[in-house]
Amino acid sequence: MLLTEKLELLMKEKHLNKRILAHESGIPYTTITSLFSKGYENAKLSTLKGLANFFGVTLDSLCRDELDELVYKPIEEQASHVSPQEKILLSNFHALNEQGQEKVCEYAADLNASGRYKKCSEPNMVQNA
């Protein structure tokens, strides 16, 4: 499986398009699009490492064409900015089949859309009149 096929699979799992992938991974959009259009033979190692880290897979399984399966890194080896709660969530998420993962995404989207559980950027201030 080619790198671009693996990236498409990973993007589908996370419900990302190229623009969102670029924004969330910190890799420039032009770099992402050139991977798909021009190939990855001239891609920088830092770009490939960044993508592997972002998706939580090994660099080897992402880049080697002869490997058809992606190997996910253990949660504890994935990005250091992930909280302990997020690591548990990711571990549980990866243990689910595709249908279960879709349900989790739908539920999270519903919670987010309700507004009740959204993080507030500024604390609400109540004034006594």
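Begin by selecting glutamate 41, which sits in the loop that links helix 3 (29–38) to helix 4 (45–55). The model on display is a predicted one. With a relative accessible area of 63%, glutamate 41 is exposed, because residues over 50% are classed in that way.

Next, move to the loop between helix 1 (3–13) and helix 2, where histidine 15 is found. Inspect the backbone here: phi of histidine 15 is positive, near 55°, although the residue is not a glycine. Most residues other than glycine have a negative phi.

Continue to asparagine 17, the residue that caps the N-terminal end of helix 2 (residues 18–25). Display its side chain together with the backbone of arginine 19: a side-chain oxygen of asparagine 17 is 3.0 Å from the backbone nitrogen of arginine 19. Then follow helix 2 to glycine 26, which comes after the helix and has a positive phi, near 80°.

For the last stop, select glutamine 101 in helix 7 (residues 98–114). Is this residue buried or exposed? Glutamine 101 is buried, its relative accessible area being 13%, because buried means under 20%.

Terms used: Residues numbered from 1 in each chain as written. Predicted model: local features only at pLDDT ≥ 70, side-chain atom pairs only at ≥ 80, totals over all residues. Heavy atoms only, no water. Helix = DSSP H or I, 4+ residues; strand = E, 2+ residues; numbered from the N terminus. Buried < 20%, exposed > 50% of the residue type's maximum accessible area, 1.4 Å probe, protein only. Polar contact = N/O pair within 3.5 Å; in protein donor to acceptor, adjacent residues only side chain to side chain.
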